[in-house]
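User: I have a model open and want to learn how to read it. Can you walk me through its features one at a time?

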Amino acid sequence: MNETSVKVRPRPVKGDVKPLEPGLDSRYYTDPRIADLEQTRIFDRTWQLVGHVTDLPNPGSRIVGSVGRKEVVVIRTEDGDIRAHLNTCRHRGTRLVAEPGEGKALRCPYHGWTYHLDGKLVGAPENRTIPCLDKSKLSLFGARAEVFCGLIFVNLDLAAEPLGPQLAGVRPLLERYLGGTMETFGKARVHVNKPEEAQESNWKVAVDNYLEGYHVPVAHPGLMRLLDYKRYSVQTADLYAVYDAPLRDKASDNWAERLYQGVVRPMPGLLEEDRRVFRYIAIYPNTMIDLYPDHVLVWKMNPRGVDRVDVPGSYLRRSNCDTRTRVAQQLNFYISAITTREDEDLVQRMQIGMGNTDFQPGPLSTRERGVSWFASRIRADLGDLDAEAGRKW
């Protein structure tokens, strides 16, 4: 038969499923120039998780938060409000705060310029030797701070739209898990980056990996034993994606997983329906919230160059959890640590693979709806990269 006479019939689309918007080209993950552009067009304009209200227990308490490559110092003021400032002295640019602490003012460790907790400059040593010193014009550079369900977010854009209304759709769910008297436990904190816990990938690779369950059957045998994969689902909104991962009724043949299934029960304040499901929320661009029956993990992906990402997080629980729930938490940590190691290998493989050549990604599974959502947001924020290349690159 002549090849030209062969008619190729298009494959029918299954049901009414429409193709998803594609994932990002490889250059988004490997080009340092795009990483530079992300600071101004994404991180300087978006709400960034920096901590929980329990991290600032008293007036004068302060933490250092990451906003992409930049830093803010977040403080509880004398009247109980939470304020944020760029972590930069107005004298010669010194980093003001290096670690969590407490004090009545902010004092630069270089020349001693001192700021009130609200950011106003109140003192400069030997000020008579500084001609034309006008303290009123040298307050710290400000940033917006907002508390949502106990979580502290900051935004460098002083004109940014408030966060709360944008997250109204997930407020009832988060209030259920994060309401009441919460406490952090363990040593990890979302405002403390530990170099030994960094992953060797672009931050968006780590986000993509979080946003889809398509890889679970291949890469996470433990999760497949715990989760009812067929009922794994995702719903996306403008600023966030919400995942439901129901647990299997069948007992796992792994001892730790089986024991966890037997002892886990909802924390005080949760419902019986929360016992048999893991939930995950991604808030654009890089905040992740894991809602387990026994605890909550809040974490984020902080870029540290084009192929390195920090993944700090904080563990939260009801302060009145009983011994059984605390046992479930430890078992959950053990199980999750295995999944984390598997994911660390996956994202590193992704980064290496995409560095081999420039390419367009293949079509996405419907289980990768979150990846499509994220890619769409990134493309919208970064704009036309080809036009950008013509102007600057």
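**Reading the model**

Analyst: Start with the largest pocket: its volume is about 990 Å³. This is a predicted model, where local features need pLDDT of at least 70, side-chain atom pairs count only at pLDDT 80 or more, and totals for chains, interfaces and linings use all residues. Residues are numbered from 1 along each chain as its sequence is written, and side-chain values use heavy atoms, with hydrogens and water left out.

User: How is a pocket defined, and which residues are closest to the centre of the largest pocket?

Analyst: Rolling a probe the size of a water molecule over the atoms shows where empty space is left. On a 1 Å grid over the protein atoms alone, a pocket is an open set of points where a 1.4 Å probe fits, with protein on both sides within 12 Å along at least five of seven lines; lining residues have an atom within 4 Å of a point. Grid points are joined across faces, edges and corners, and the volume is the space filled by probe spheres set on the points. Here 41 residues line the largest pocket, and Asp290, Leu297, Trp299, Ser336 and Thr340 are the closest to its centre.

User: Which element gives the largest share of that lining?

Analyst: Helix 9 does, with ten residues. Helices (H or I, at least four residues) and strands (E, at least two) are DSSP runs, numbered from the N terminus. Helix 9 spans 323-354; other elements that supply at least two lining residues include helix 5 (203-210) and strand 16 (296-300).

User: How many aromatic pairs are there?

Analyst: Rings of Phe, Tyr and Trp (its six-membered ring) pair if their centres lie within 6.5 Å; planes under 30 degrees apart count as stacked, over 60 as edge-to-face and the rest as tilted. The structure holds 14 such pairs. One of them, Tyr284 with Trp373, is edge-to-face, at 6.4 Å centre to centre and 80 degrees between the planes. Tyr284 lies in the loop between strands 14 and 15, Trp373 in helix 10, 89 residues apart.

User: Are Tyr284 and Trp373 buried or exposed?

Analyst: Both are buried (under 20% relative accessible area, 1.4 Å probe, protein chains only).

User: What lies over the face of Tyr284?

Analyst: A charge sits over a ring if NZ of Lys or CZ of Arg is within 6 Å of the ring centre and within 35 degrees of the ring normal. Arg377 takes that place on Tyr284, 4.2 Å from the ring centre. Arg317 likewise has its charged end over Phe185.

Technical notes. Buried < 20%, exposed > 50% of the residue type's maximum accessible area, 1.4 Å probe, protein only.
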